[in-house]
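Here are a few exercises to work through with the model open. Try each task before you read its solution.

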Amino acid sequence: MANNSYSGVKNSTANHHGDFGCSLKDLRSLMELRGAEAIGKIGESYGDVQGLCTRLKTSPVDGLSGQPADIDKRKEVFGQNLIPPKKPKTFLQLVWEALQDVTLIILEVAAIVSLGLSFYRPPDAEREHCGSAAGGVEDDGEAEAGWIEGAAILLSVVCVVLVTAFNDWSKEKQFRGLQSRIEQEQKFAVVRGGQVIQIPVAEIVVGDVAQIKYGDLLPSDGILIQGNDLKIDESSLTGESDHVKKTLERDPMLLSGTHVMEGSGKMLVTAVGENSQTGIIFALLGASEEDDDDEEEKEAKKKEKKEKKKQDGAAENRKKAKAADGAAMEMQPLNSDEVDIDEKRKSNLKEKKEKSVLQGKLTKLAVQIGKAGLVMSAITVIILVVLFVVDTFWVQGLPWHKDCTPIYIQFFVKFFIIGVTVLVVAVPEGLPLAVTISLAYSVKKMMKDNNLVRHLDACETMGNATAICSDKTGTLTMNRMTVVQAYVADKHYRNVPEPQLIPASIMDILVLGISVNSAYTTNIMSPEKEGGLPRQVGNKTECALLGFANDLKRDYQAIRNEIPEEKLYKVYTFNSCRKSMSTVLKNADGSFRMFSKGASEILLKKCSKLLTASGETKVFRPRDREDMVKKVIEPMASEGLRTICLAYRDFPVSEGEPDWDQENDILTSLTCVCVVGIEDPVRPEVPDAIKKCQRAGITVRMVTGDNINTARAIATKCGILQPGDEFLCMEGKEFNRRIRNEKGEIEQERIDKIWPKLRVLARSSPTDKHTLVKGIIDSTVLEQRQVVAVTGDGTNDGPALKKADVGFAMGIAGTDVAKEASDIILTDDNFSSIVKAVMWGRNVYDSISKFLQFQLTVNVVAVIVAFTGACITQDSPLKAVQMLWVNLIMDTFASLALATEPPTESLLLRKPYGRNKPLISRTMMKNILGHGVYQLIIIFTLLFVGEQIFDIDSGRYAPLHSPPSEHYTIIFNTFVLLQLFNEINARKIHGERNVFDGIFNNLIFCSIVFGTFIIQIVIVQWGGKPFSCVGLSIDQWLWCTFLGFSSLLWGQLISSIPTKSLRFLKSAGHGTQRQEIPDEELEDMEEMEEIDHAERELRRGQILWFRGLNRIQTQMDVVSAFQSGSSFQERQLRRQPSTSSQQQHDVTNVSSPTHVAFSTTATDANTASSTVGYSGGECIPQLPVPL
């Protein structure tokens, strides 16, 4: 497939055999074959898989010896299971990226023009012709200092750029460190020296025998040695959504990055790292990235050649791979020449992203503020220019003198710089930074609370959650199962019976069935600490049964040693449709015996006989079954026990070998041996956590595959159901009957009648779970749109996890596939960790609102001061460099200070905000306007009568290049101190009086406020000409500080005014509603697959400058802040259900040296997107280092 196009194996030993019977090249060409072709090649070259094992010096039963020398040799000859990461961006590249900001470029140009012109001075004789404003600079020293302002602006731009680049660089470094940590934790089961051991994925070598099971994501290529009912999802490589059945006879080839959807087995590893199918694709991607820039330039010229290029499969793959910073990719069959035009169009389309709830609101708000800022800055420049022209050429009546042109241009440049500075202050670039920092800080802290966040916006979405659909086993319960009751030999034992009470013949069948009819990877191990409980490894229900065998004083391991896995004739593995597992043994006389276990009420329907106390069988009629359900199963279930039936069936020689593919004929006429009741106790902290959720306005629903009585009992213990409540508990069958019409189609109106009261859905399939989640999300019956979180652990939970607003996968019990589909992984599988995620999510929302309240106050005041000052005094009281310092305070520092507030329990005392809650509440608007008006009064008082109050010279109407004045320094100093004290006010946004509450819990906040104050002292006292400051006396400093402090007292006054009485206040920062978008525009956008509200706003307003504001457009997609650290990137495609019923699935972020990710982007909600890779490559950002 890729031999021609791939030249990336840089291995000196690649072309010789080493000491092995086959070379790297042989194995690579073998792994490119499929099905019958591959089997033919194995037979022709090696005889069979056993022959290949011999050539690779390994044993299909005992695996490799595990000797370090042997492992190292294999790594040398066949390569390591690592894919080298992409080179990180250099610091200079990051600096260059930061320089792309349009406002910074405008400032740089203006500063350079100002700098150049400042060196020109007209002859003194001519100076009087240039107007009064140009005079007043008699001192040569002062005149020569005219270049300082331009230089200071350039310097401050350099500072901003370096700060941004350093932040990005440190984030990338931390991200890479975390990636390598995650990789080391990724383990896989292999057989070495006859023992099954877990080793890091990177340590797997060619020749290893790996154990694979349901839910695994294959870490390397291999050939099947032995398989039980094995089905693989290869859609990540082939695009085919059907599961591929793998058998030794038909298709034994297993490929890295594919998912095991059913069954189990063993495989011989034949290709790792760069030589596996994933690695080969990765190398193609790496090659394409190097050619990226050239290809982009030539793309327009080469349009007509596209048809020709289509014939070259490798080139097509390379083109597809070129999703520059990680657009989602549609993977084609790798060796297919034909590429679907429509899919190609989709993958080449510029990616349109649906924002998460918070990002959508922020983008819209930022656009609105940006518009206002642009208008204000334009008006400022126009007024300044008009006033100057009128004053010079009309009032003074001077002609335009050509020697004076540079001086006039200097004035115009100065006005332009003032205008741009107003724009810089008005545009809230700090918003995306605040989101980034807040989310990154939360994510870092959430790891300590056992939440591993894979998609950043999930953290924020959790704060809006209104419903949680939780699994029962392992999430609400401890997932430590033990058999506590049994019905065997016609008797119901309330405790585990003594071995002597069970007849020997029944005991033998029972223990043999338990031992062989369970995954051989499931085991009971000795306790880690003396006196502790035995360790349960593998499936917990099977562990309970193996523990039952141990309690009956029998050794299941001895039976397994006698009947190894290879001797099992046929295995029907457990899946959500069967709800049972069966294993067939072939007896010496040619007859067969099949052991089955499964959900009691399902398996009992397939039983026609029952083993009695005498060891004989008796007929088991439907009436007997009803009796057993009433007398045994229901009493067990009502105590919260999970009931499992154990049965068997004999196939005599006389009937011949049955057709094993006819499952319905096989799994019938069983003989019931025993029914056991398995206890899985509720986690002690869960009832309290559920109570917190209910108090916080979040509805908890239990969705489980268990019996309805068991589910109801556990739900009551947890507090999901309260005695006397009128809530619904129903089974999946009943749920399906109620939500479907006569044609069998699901109707939203029918779901809407059920879900508000539904609390427990039992015996549910993964499809039922998905239907319920989709129904709740799409529902409009309640005033508030629902935001749904879902927990899942199984492979089949993928669709529901993807459909949910936030998907939680289980870190311990969860399969790799579930983890891939999730947004957050619960590392302790505990429900109470979800409550912590809610708390952190709400905290993110509040942090952003705090920052907004602070920043908008500064914005309003700074813009009005600059605008009014410019109009009245022909100069801005706040100079360009001072504005940039204010911008730094309110953007970078404030976002760090306010975005890192730790959460408190009080966050759980209010209802969820929901999708449509505005970012700026009426209380916040009251604070913004109240503080804004107060600050303006103070600043304008100082501007117009300040010189009289302080008995100093006025700084108004100063000519060009005049020295800094005490007057304007006091205004600047007071303004900054007002902001500093208002930052403390901004810590509370719900009208609380005590703004100092918990302030010392946030050291970052304290150090930033204190640090800013120190820097302000340095700037004022020693900043001099560059900062347009002169040193102030102690008295003046005390007055400035007092005026700043007074904003805290003013804040108390504002919080005393009830918000309800201020009816004129409006909230702001709503999310964009679907109905706001014109239909024709909506159609256009749906063709683009997703809607970007910011793009729509821009198209209406045609504000081209805004596209250049990188920090709003690109950093708003918060994940991009961390993208630079990845070896191969994919953006998460989050969808907001309110915008379209055709949902876009999340694309998993997998990026690390051991694996790679692709995705098929599915618009059908039932189709899971598939990813190549190993679930450990989650992108988890870290907090940028505060500067």
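Predicted model: local features only at pLDDT ≥ 70, side-chain atom pairs only at ≥ 80, totals over all residues.

**Exercise 1.** Find which exposed residues sit on the face of helix 37 turned away from its buried side.

*Solution.* Start with the buried side: it holds Phe1005, Ile1008, Val1009, Thr1012, Gln1016, Ile1019 and Val1020 (buried is under 20% relative accessible area, exposed over 50%, partly exposed in between, with a 1.4 Å probe and protein chains only). Looking down the axis of helix 37, these buried residues fall within an arc of 95°, so they line one face; the arc is taken from the directions from the helix axis to the C-beta atoms.

Numbering runs from 1 along each chain as its sequence is written, and side-chain values use heavy atoms, leaving out hydrogens and water.

**Exercise 2.** Check the span of helix 37 against its 20 residues.

*Solution.* Helices are DSSP runs of H or I with at least four residues, strands are E runs with at least two, and both are numbered from the N terminus. Take 1.5 Å times one less than the number of residues. For residues 1003–1022 that should give 28 Å, and the end C-alpha atoms are 28 Å apart, which agrees. Just past the helix, Gly1024 has a positive phi of about 60°.

**Exercise 3.** Work out which strand pairs with strand 8, and how the two run.

*Solution.* Strands pair if DSSP finds at least two bridges between them. Three bridges join strand 8 to strand 26 (residues 824–826), and the two run antiparallel. Leu452, for one, has Ile825 as its bridge partner in strand 26.
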